[in-house]
Amino acid sequence: MALPRSDWSELERAHHERADQLTAEHRARSARGEKHPVWDFLFTYYSYKPAQIRRWHPGAGVELEQAPERVDWRWYSPGSSADSAVPDAAAFAREKPDLAGLIERMLRRTASRPGQFGCFGLHEWAMVYRDKEHRHPAPLRLGQAETDAVVESHELRCTHFDAFRVFTPEAVPRNRNDLSRDVQPLFEQPGCLHAGMDLYKWAMKLGPLVPGELLLDTFELARDIRLLDMQAAPYDLTAWGVEPVRIETVDGKAEYVRRQRGFADRGALLRRRLLGAWLGQETGAHSAQSAHPEPAPASSSRNVSTRSAAS
């Protein structure tokens with residue numbers, strides 16, 4: 001597929017406009033030197049700047065005509081005509097075989113599993129369990145003793161290593177799963193809020209292989225999930241306009257799971273789109289709420305050459 005410069009320039013312009021809208025409040029706060037306990041996470045934990053989000057790419061295999069300035073960009077190759085450039089999935093796989101293999105495993109294996117919806121966001125509670133020093137300055141909504149009691153009255157079911165690794169020492173043995181970085185692809189599952197947010201991270205790491213529209217869709221999902229993650233957390237964030245989802249109650253649990261399922265379904269679609277744009281394959285995962293077999297390798301020549309370097 002080849003895009004004339006007039007066409008891709010318009011796509012780039014629309015991407016800049018949408019990205020600027022998505023990051024406007026953060027950029028304004030940064031200019032004032034203001035911190036935000038909810039939204040800064042999208043730019044600190046995921047350490048990508050608004051300028052990086054703003055950069056538009058067409059996606060793997062899409063040739064940009066009259067784009068000589070991009071020929072020397074990372075993971076672009078010369079196209080079929082003079083001065084054209086195309087994002088090259090095989091070049092990415094050759095340069096970053098370990099990263100390519102990890103991203104594919106995380107996307108495919110997560111998509112192949114049923115979603116789990118019984119964690120109730122207790123990972124944030126486990127991060128402050130029996131600990132006087134908290135990661136966030138906001139006060140605990142229920143106080144320390146009641147917060148600890150909520151943890152003790154539930155089974156911790158966290159499946160996401162990057163959340164588990166900041167559990168307090170007392171909370172670690174209470175988790176159903178003993179997680180480590182090495183086994184992360186074995187436990188990641190589509191019901192996890194952080195697995196949904198991480199789609200933005202994988203999209204950013206794939207750089208020009210991901211179409212700009214898809215990148216911004218993953219960012220919007222991460223933004224929406226982040227709000228629920230903090231609403232269900234033990235902190236009192238009402239000063240920032242964040243009303244709690246009281247997961248210590250029956251009604252709060254029901255609301256959390258309802259929204260969690262919606263995010264899981266959105267994430268399932270984005271995983272399929274990421275794999276399709278990058279490797280030219282589909283996962284076959286129509287819903288995160290049912291199990292699916294591990295997808296068979298795709299037969300396209302682009303996918304085969306990339307796989308050989310990514311496996």
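This is a predicted model: local features need pLDDT of at least 70, side-chain atom pairs count only at pLDDT 80 or more; totals for chains, interfaces and linings use all residues.

Analyst: Buried means under 20% relative accessible area, exposed over 50%, and partly exposed in between, with a 1.4 Å probe and protein chains only. Residues are numbered from 1 along each chain as its sequence is written, and side-chain values use heavy atoms, without hydrogens and water.

User: Why is arginine 259 called buried?

Analyst: Its relative accessibility is 18%. That value is under 20%, so arginine 259 counts as buried. Arginine 259 belongs to helix H12, residues 250–279; helices (H or I, at least four residues) and strands (E, at least two) are DSSP runs numbered from the N terminus.

User: How do you know that the side chains of arginine 259 and glutamine 231 make a polar contact?

Analyst: A polar contact is a pair of N or O atoms within 3.5 Å; within protein, one must be able to donate a hydrogen and the other to accept it, and residues adjacent in sequence count only if both atoms are side-chain atoms. The two side chains are joined at 2.7 Å, a value within the 3.5 Å limit. Setting aside residues up to four places away in sequence, arginine 259 touches Leu228, Gln231 and Val245, where contact means heavy atoms within 4.5 Å.

User: What makes aspartate 217 buried, and which side chain does its own side chain meet in a polar contact?

Analyst: Aspartate 217 has 17% relative accessibility, under the 20% limit, and therefore counts as buried. Its side chain makes a polar contact of 2.8 Å with the side chain of arginine 273. Aspartate 217 sits in helix H11, residues 212–231. Beyond four places in sequence, aspartate 217 is in contact with Arg18, Leu270 and Arg273.

User: Is aspartate 83 buried, exposed or partly exposed?

Analyst: Aspartate 83 is at 48%, which lies between 20% and 50%, so it counts as partly exposed. Aspartate 83 occupies the loop between strand S3 (76–78) and strand S4 (85–87). Aspartate 83 has a positive phi of about 70° although it is not a glycine. Arginine 130, in the loop between helix H6 (123–126) and helix H7 (143–152), also has a positive phi, of about 50°, and is not a glycine.

User: Why do isoleucine 247 and proline 50 both count as buried?

Analyst: Isoleucine 247 has a relative accessible area of 0% and is therefore buried. Proline 50 has 16%, under 20%, so proline 50 is buried as well. Isoleucine 247 is in the loop between H11 and H12, and its contacts beyond four places in sequence include Phe120, Trp125 and Tyr256. Proline 50 lies in helix H3 (residues 50–54); leaving aside neighbours within four places, its contacts are with Thr23, His26, Arg27 and Phe43.

User: What is known of the cavities of 30 Å³ or more?

Analyst: The whole structure holds three of them. On a 1 Å grid over the protein atoms alone, a cavity is a set of points where a 1.4 Å probe fits but cannot get out, and lining residues have an atom within 4 Å of a point. Helix H5 (97–112) and helix H10 (193–206) each supply at least two lining residues.

User: How confident is the predictor, by average pLDDT, and where does pLDDT stay under 50?

Analyst: The average is 90, and 90% of the residues score at least 70. Residues 284–311 stay under 50, and the model has 73 contacts beyond four places in sequence for them.

Definitions and conventions: On a 1 Å grid over the protein atoms alone, a cavity is a set of points where a 1.4 Å probe fits but cannot get out, and a pocket is an open set with protein on both sides within 12 Å along at least five of seven lines; lining residues have an atom within 4 Å of a point. Grid points are joined across faces, edges and corners, and a volume is the space filled by probe spheres set on the points. pLDDT is the predictor's confidence in each residue, from 0 to 100.
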